[in-house]
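Open the model in your viewer and keep the selection tool at hand. This is a short tour, stop by stop.

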Amino acid sequence: MAARKRASAKPIPPPTPETTTTQIDPPIAPPKKALIFIFCLLFSIPYFYLLYLHYKIEQDLRRSILINAALCVAGFFLTQRMIPVASRYVSKRGLFGFDINKKGTPQGDVKVPESLGIVVGIVFLVLAILFQYFNFTSDSNWLVEYNAALASICFMILLGFVDDVLDVPWRVKLVLPSIAALPLLMAYAGHTTIIIPKPLVSYVGQEVLDLGWMYKLYMGLLAVFCTNSINIHAGLNGLEVGQTVVIASAIVIHNLMQIGASSDPEYKQAHAFSIYLVQPLLATSLALLSYNWYPSSVFVGDTYTYFAGMTMAVVGILGHYSETLLIFFLPQVLNFLLSLPQLSGYVKCPRHRLPRFNPETGLLTGTHDGTLINFYLRIVGPKSEKALCIHLLFVQALGCCFCFMLRYFLAGWYK
């Protein structure tokens, strides 16, 4: 949930000639292009190295990945152009808020447009649907699951936007991802087996265990966790989108490594399928981050956090690497464990579990609320909002690096 105080939904009177000039809000700040350029430069080095130099990836598969990437570049610029337009419309409808972490300063009185995740979600769906023309045939085995994945993501975007407009209670938010995951669970035709870790084979008695309906239950729970974990690890300018960008980048690199190291065609297609959905998520999220980075000129809303979490859950499920996905989500897992006493009602849970802002120093101080943000501030001391966000994204990147290191050291021994 973004660090904002939503404006009260009062009816807006029709403009008059005397008040028209005073009711027009100034345009939002331009995107932070330097930030996006630096990230793209850093990400492109391992991306093209793995795609062209380190592994011998089949020409057709590499071509599909690059076509998808080209569409994503177009989607990035389209998203950047659409966000200022959409921000004017949502502001006119009263969908704006005030940044709580800047309360007591001039920036805290600025109306910030909300729910701009709807733009990212729409552009993502357009890119994903257009890509079918270049990659899938009408009799493709993956087409049914691909469209089911898009249906679940689309459903989650809709429910997220409904949440932004109606502000539904937490107990309902926990159920929404379960409803959105139904198209994927119903269309899922893959295996329901898990590979038993080698140290446990002697105790279980078999190397592969079929879980049946329990595997689909696990898939649904994974969708619920990923969707809500992004939503509750939030409250700073750029944190929701930033963590998604870091995890999505790690997912793309992981998929390229698995495609290059495997000789199983079906296994390669599963990871390529994941790339086809993660690259549009990464591109559109980067466009949103250019506006949402500190100081944020737009708020992403629950529309974006639900959409991003569901997309990553879908690719983890259909790419068959849910264990790796959960390790990429280590900071979110820790944040969930810290939040559990308040989310369960055992400890009183305020509406906004944000750190305390001091307008005189411009620093945030950790409270006793159970979030990773407050826990980190209690350890390292007061930080500015921008510095704290950078620290937390660095922790996110370290968690992803730990996942790669863990897979490397456990390869051949664990599975």
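The stops below cover the core, a helix pair and a loop residue of this predicted model.

**Stop 1: the core.** Begin with the largest nonpolar core, which has 110 residues. Select Tyr 146, Ile 251, Leu 277 and Leu 288, the residues with the most contacts inside this core. Then select helix α12, residues 265–292. Helix α12 supplies the largest share of the core, 15 residues.

**Stop 2: Leu 288.** Which residues does Leu 288 touch, leaving aside those up to four places away in sequence? Show Ile 83, Leu 116, Val 120, Val 241, Val 298, Val 300 and Tyr 304.

**Stop 3: α2 against α12.** Now display the side chains of the contact. From α2, pick Leu 35, Ile 36, Phe 39, Cys 40, Phe 43 and Tyr 47. From α12, pick Gln 279, Leu 282, Leu 286, Leu 289 and Ser 290. Colour this contact by residue class: nine residues are nonpolar, two are polar and none is charged.

**Stop 4: Arg 93.** Move to the loop between α3 (59–92) and β2 (96–99), where Arg 93 sits. Is Arg 93 buried or exposed? Arg 93 counts as exposed because its relative accessibility is 70%, and the cut-off for exposed is over 50%. Finish with a distance from Arg 93 to Pro 113. These two residues are 20 residues apart in sequence, and their C-alpha atoms are 9.9 Å apart in space.

Conventions. Residues are numbered from 1 along each chain as its sequence is written. This is a predicted model: local features need pLDDT of at least 70, side-chain atom pairs count only at pLDDT 80 or more; totals for chains, interfaces and linings use all residues. Side-chain values use heavy atoms; hydrogens and water are left out. A nonpolar core is a set of buried Ala, Val, Leu, Ile, Met, Phe, Trp, Tyr and Cys residues joined through side-chain atoms within 4.5 Å. Buried means under 20% relative accessible area, exposed over 50%, partly exposed in between (1.4 Å probe, protein chains only). Helices (H or I, at least four residues) and strands (E, at least two) are DSSP runs, numbered from the N terminus. Contact means heavy atoms within 4.5 Å. Ala, Val, Leu, Ile, Met, Phe, Trp, Tyr, Cys and Pro count as nonpolar, Asp, Glu, Lys and Arg as charged, and the others, Gly among them, as polar.
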